[in-house]
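Dear colleague,

Please find below the structure that I am handing over to you.

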Amino acid sequence: MITTNSTLRRAATVVLALAVAATATPAAADPAEAAGHDRLRPVVERLTGPDGAPGALAEANDRDGRLVATSGVADIRTGAPVHPRSRFRIGSVTKPFTATVVLQLVGEGRIELDAPVERYLPEVVRGAGNDGREITVRQLLQHTSGLPDVLDHLSPMEVLDDPLRHWEARELVDIALPHPREFDPGEEWGYSNTNYLLAGMIIESVTGRSYRKEIHRRVIVPLGLHDTFVPGDAPGIPGPHPRGYVRPESELVDITRLNPTVAGAAGGMISSASDLNRFLAALLRGRLLKPAQLREMLDGRLTGRASGSKYGLGLQWLPAKDSPTCGDGFWGHDGDMLGFSVRAGATMDGRQATVMVNLNPGGGPALDDAMAEALPTALCGD
């Protein structure tokens, strides 16, 4: 379904006030709760403002409870508001799940972090200076392999032309590897989805089961993440969910139905804000990894970005600029998938927050700026 920006804005205006007020949970019965909602409302309203997304959701959890706010519309055709328990595509927030499984296998002695990728995937990583004999598993998880990013060589329009097409992980890896490596392994940091496609392949090589099955049995089931799925070829999003949109030019295009194998172990999962917050809380509390492996995950390397961020093994650390509630920073991950953009983070002392919009790509600078500030505000606001 395609519509214009003016149609979007009319639909968003109709439901904006109702959506934000009706989906705040729990009701703001005392000043502390009211302050929490006052913190989240501006976050979602800015995300759905002029040139923003059709709809937005923010959820913040701490020891005192759960706060949710939504804004805008889940469906620009019907004007339906965003459901506070929405499920959505989480894009690269899949990476912490994949890294967790790899590190569990490290803890079981089945994978060595500093072993070459070649040991687990013989002759898979070859070409243009890319060599699995020179790259370690740790370098895949930390994005220090130097491997080219498949998304630099597979445009969104190629996916939009056939959104239901099945993609094999090896097929996607082979799109990237004919291109020269970005740097010598271990010498620099450079984000590459190719790394996590290979990590998923290593999980299958070691266990004899797909990364999908291993994430399900090792993470989703033990934590009771009822809104979280590794959908394989299934193109739909089960349960309550917003439509996902892209804006290739001036008009919105509905891309909700999509075969997520195009992202695989690097970005193919579906979840909810509540489940992502629960997952991050459990991960940082040591419920999923042994102490040695959790220390490895949280051993961050500077990314070289202006933010001063560091990247561990599947989790990114972001400074919080002297926040009284987040200390010097927090752990989390960004997730961008066709139709959705997600930011999720957590502190070591028990605060979590997730922010979602149902537009990607096509938001423009205003939405980019709002997304950059949304998670720190939701997570670290007083």
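The charged end of Arg-165 sits over the ring of Trp-167, at 3.6 Å from the ring centre. A charge is said to sit over a ring if NZ of Lys or CZ of Arg is within 6 Å of the ring centre and within 35 degrees of the ring normal. Lys-310 likewise lies over the face of Trp-317, 5.7 Å from the ring centre.

Please note that this is a predicted model, in which local features need pLDDT of at least 70 and side-chain atom pairs count only at pLDDT 80 or more, while totals for chains, interfaces and linings use all residues. Residues are numbered from 1 along each chain as its sequence is written, and side-chain values use heavy atoms, with hydrogens and water left out.

Aromatic pairs

Rings of Phe, Tyr and Trp (its six-membered ring) pair if their centres lie within 6.5 Å; planes under 30 degrees apart count as stacked, over 60 as edge-to-face and the rest as tilted. The whole structure contains four aromatic pairs. One of them is stacked, because the rings of Phe-97 and Phe-279 have centres 3.8 Å apart and planes at 10 degrees. Phe-97 belongs to helix 3 (residues 94-107) and Phe-279 to helix 10, so this pair ties together parts that are 182 residues apart in sequence. Helices (H or I, at least four residues) and strands (E, at least two) are DSSP runs, numbered from the N terminus. Phe-97 is buried, at 0% relative accessible area, and Phe-279 is buried at 1%. Here buried means under 20% relative accessible area, exposed over 50%, and partly exposed in between (1.4 Å probe, protein chains only).

The rings of Tyr-191 and Tyr-311 are edge-to-face, because their planes are at 75 degrees, with centres 6.5 Å apart. Tyr-191 lies in the loop between helix 7 (169-176) and helix 8, and Tyr-311 in strand 11 (residues 310-311), 120 residues apart. Tyr-191 is partly exposed at 26% relative accessibility, whereas Tyr-311 is buried at 1%. Together with Trp-189, these two tyrosines form one aromatic cluster.

Nonpolar cores

A nonpolar core is a set of buried Ala, Val, Leu, Ile, Met, Phe, Trp, Tyr and Cys residues joined through side-chain atoms within 4.5 Å. The largest has 84 residues, and those with the most contacts inside it include Phe-97, Phe-279 and Met-297. Helix 8 (residues 193-207) gives the largest share of this core, eight residues. A second, separate core of 29 residues includes Leu-40, Leu-67, Leu-367 and Ala-370.

Salt bridges

A salt bridge is a side-chain nitrogen of Lys or Arg within 4 Å of a carboxyl oxygen of Asp or Glu. By this rule, there are 23 salt bridges. In one of them, Asp-275 meets Arg-278 at 2.7 Å, N to O. Both residues lie in helix 10 (residues 273-284), three residues apart, about one turn of the helix. Asp-275 is buried, with 2% relative accessibility, while Arg-278 is partly exposed at 34%. Elsewhere, salt bridges that share partners join Glu-108, Arg-110, Arg-209, Glu-214, Arg-217 and Arg-218 into one network.

A further salt bridge joins Glu-112 and Arg-119, whose closest N and O atoms are 3.3 Å apart. Glu-112 is partly exposed at 46% relative accessibility, and Arg-119 is partly exposed with a relative accessible area of 46%.

Yours sincerely,
A colleague
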